[in-house]
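Here are some notes to read alongside the structure. Keep the 3D view open and click on each residue as it comes up.

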Amino acid sequence: MPPTHEVFNQPPALTGYDVADDPAMLSALRREGAGWAEDAVRELGRLAGSAQVQEQGRQANEYPPKLRTHDRFGNRVDEVEFHPAWHELMTVAVRHGLHAAPWRDTRPGAHVARAAGFYVWGAADAGHCCPVSMTYAVVPALRHTAGLAERFEPLLAAPEYDFGLRPPETKRGLLAGMSMTEKQGGSDVRANTTRAVPVPGDGGSYLLTGHKWFTSAPMCDLFMVLAQAPGGLSCFLLPRVRPDGTPNGMRLQRLKDKLGNRSNASAEVEYDEALAWLVGEEGRGVRTIIEMVNMTRLDCVLGTATGMRAGVTMAAHHAAHRTAFGRKLAEQPLMASVLADLAIESEATTMAAFRLAGATDRAAGGDEQEAAFRRLALAVTKYWACKRAPVHAAEALECLGGNGYVEESGMPRLYREAPLASIWEGSGNVAALDALRALTRQPESAEAFFAELDQAAGADSRLDQAVVRLREELGDPSEARARHLAEAMALTLQGALLIRYGDPAVADAFAGSRLADDAGGGFWGWGRAFGTLPSGTDTAAIIGRATPAVPAG
Ligand SMILES: Cc1cc2nc3c(=O)[nH]c(=O)nc-3n(C[C@H](O)[C@H](O)[C@H](O)COP(=O)(O)OP(=O)(O)OC[C@H]3O[C@@H](n4cnc5c(N)ncnc54)[C@H](O)[C@@H]3O)c2cc1C
């Protein structure tokens, strides 16, 4: 066929770049005590930005997992089949210890190093990060029963991805999931009806019967499950295959047909006298499993930061190469304002995520002040960062024009993923109410939080005034205003971190938009959409930090 036209004015493929070439992340990595991990993070960054891994991420979503309930003879198998690309992604994640390295390597900064790896590698595909995150998170909860931790922690922490239905102790490495939500209630797990009956003469063993409405990554080896024991709601460790090699009573009914997160499987499960071991004490199930939830909440923030960074990177790359009305998009003043605003949001989220990873690290080392800070700061950051994600993704998508709405740009995948972290591990309202609870019932958390803000006092009058307004807001700690409060706390924390450590142009624009007195939706202040930064913002400097260096040719 004779050529009808030339293709021009399209950006080069965004591939072959280093995802870890991310100034806010790299400086946070060093500041939070894990500079020693930079080479490993860079290695993951180059992998995540490679054409091969990008293709694996696409395939893992294009060919989502399939449930096989029975074999050809009619026996139940309850297995999930994945595209090879999924297994490749999992292999890299586990080999790099994103599922557990800090439980093996207790060097200061180990949780931060792992956070950086998770943040960077998540750009390849968000779905497989779910079992990676749950495996990382299970260990603190599991330690409530020393015998179980001794038995399984070394295998959970092993850098070996060993897929398949076999007894846990015969495998080279294990993965863990969590099974809390039932049809009648996910936030209010006290409504769980799954029953746990003690096995007579076998201390600590129970048989669980009931259903779970959402259990992600059902091909994991072990699950933390909530069930009603004689002493009340309790936490159990449930193996998918019993130690004697027989299948446990865990039937996968269906896989959810989800909006996004399509590479990952999320199942409806029936437990039918499934063997499980008590973790912690009977009746203290929520207190035990909350330790796992607290770790996965950090990953909700990190994963959200990953999505924002990916979105603004793709948008900035496109705008650097695409011309309209005689000028590059990135040079058009209004597009520059949009891109810079997206970049500011992304950097603020990254800064907060890494501050929380650092707090996790220091809290794990016994620092009580950091544990108290993390308690409140994580709740408000989880609330706010996850709320910003869908609108951030939508705006980044629009920067590519019509191409952004087309699947192969990668933007639709990012957009569909964006609301999920807000639902997981305490949906928006629940996270805001949790922050309110910490604020009113754990004064040491509030003290640690304000001590953190105080570190930036006097450096920027807009932040100082925002903190005054925040303290006023504390005068009305009602449930109905919990979102106001969580948002204000998250914004002041992000502002304080940027003003202390951030790039000056980013910090100035953040304070001028998100903190200034007239910010927050006045006609002349920061608008409600992205792209309404104060005039005089150094947009070129800010956009430059989000524009990837792509090899020529
Ligand atoms: C893709 C996906 C994977 C999942 N994987 C898992 C998994 O692996 N394991 C697992 O256990 N669960 C999983 N879940 C379930 C998830 O944790 C729950 O959906 C979530 O906790 C919310 O529970 P729910 O759906 O029952 O909604 P509800 O608890 O009914 O909440 C509905 C709405 O009401 C709000 N709300 C609740 N209480 C209050 C209140 N007191 N005041 C004001 N508002 C309130 C919530 O914020 C939410 O917006 C998954 C969900 C999804 C979408």
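How much space lies in the second largest cavity? Let's begin there, and keep in mind that this is a predicted model.

1. **The second largest cavity.** This one holds about 40 Å³ of space. Look for Asn-61, Gly-260, Asn-261, Arg-262, Arg-413, Arg-416 and Glu-417, the residues that line the second largest cavity. Helix H12, which covers residues 411-417, gives the most to this lining, with three residues. Sort the lining of the second largest cavity by class and you get three polar residues, four charged ones and no nonpolar ones.

2. **The largest cavity.** The count comes to two cavities of 30 Å³ or more, and the largest has a volume of about 50 Å³. Its lining is made by Glu-160, Tyr-161, Asp-162, Phe-163, Lys-171, Gly-173, Leu-174, Leu-175, Met-219 and Asp-221. By class, the lining of the largest cavity has five nonpolar residues, one polar and four charged. If you wonder how anyone finds such gaps, rolling a probe the size of a water molecule over the atoms shows where empty space is left.

3. **Two helices that pack.** Two packed helices are described by the angle between their axes and the distance between the axes.

4. On the H10 side you'll find Asp-341, Ile-344, Glu-345, Glu-347 and Ala-348, and they meet Val-506, Ala-509, Phe-510 and Arg-514 in H18. By class, the contact of H10 with H18 has five nonpolar and four charged residues, with no polar ones.

5. **Two residues with a positive phi.** Most residues other than glycine have a negative phi. Asp-78 is not a glycine, yet its phi is positive, at about 50°. You can find Asp-78 in strand S2, residues 76-81. Then there is Glu-273, which is also not a glycine and has a positive phi near 50°. Glu-273 lies in strand S9, residues 266-279. Glu-273 counts as partly exposed, at 47% relative accessibility.

6. **Arg-143, in a loop.** Look between helix H7 (129-142) and helix H8 (146-157), and you will find Arg-143 in the loop. Its relative accessible area is 42%, so Arg-143 is partly exposed. Not counting residues up to four places away in sequence, Arg-143 touches Trp-103, Ala-149 and Glu-153.

7. **Gln-56, in a helix.** Which residues is Gln-56 in contact with, leaving aside its neighbours within four places in sequence? They are Ala-85, Glu-88 and Leu-89. Gln-56 itself is found in helix H3, residues 51-62. Buried means under 20% relative accessible area, and Gln-56 has 9%, so it is buried.

Terms used
Residues numbered from 1 in each chain as written. Predicted model: local features only at pLDDT ≥ 70, side-chain atom pairs only at ≥ 80, totals over all residues. Heavy atoms only, no water. Contact = heavy atoms within 4.5 Å. Helix = DSSP H or I, 4+ residues; strand = E, 2+ residues; numbered from the N terminus. Nonpolar A, V, L, I, M, F, W, Y, C, P; charged D, E, K, R; others polar. 1 Å grid on protein atoms, 1.4 Å probe; cavity = no way out; pocket = protein on both sides within 12 Å on 5 of 7 lines; lining within 4 Å. Points joined across faces, edges and corners; volume = space filled by probe spheres on them. Buried < 20%, exposed > 50% of the residue type's maximum accessible area, 1.4 Å probe, protein only.
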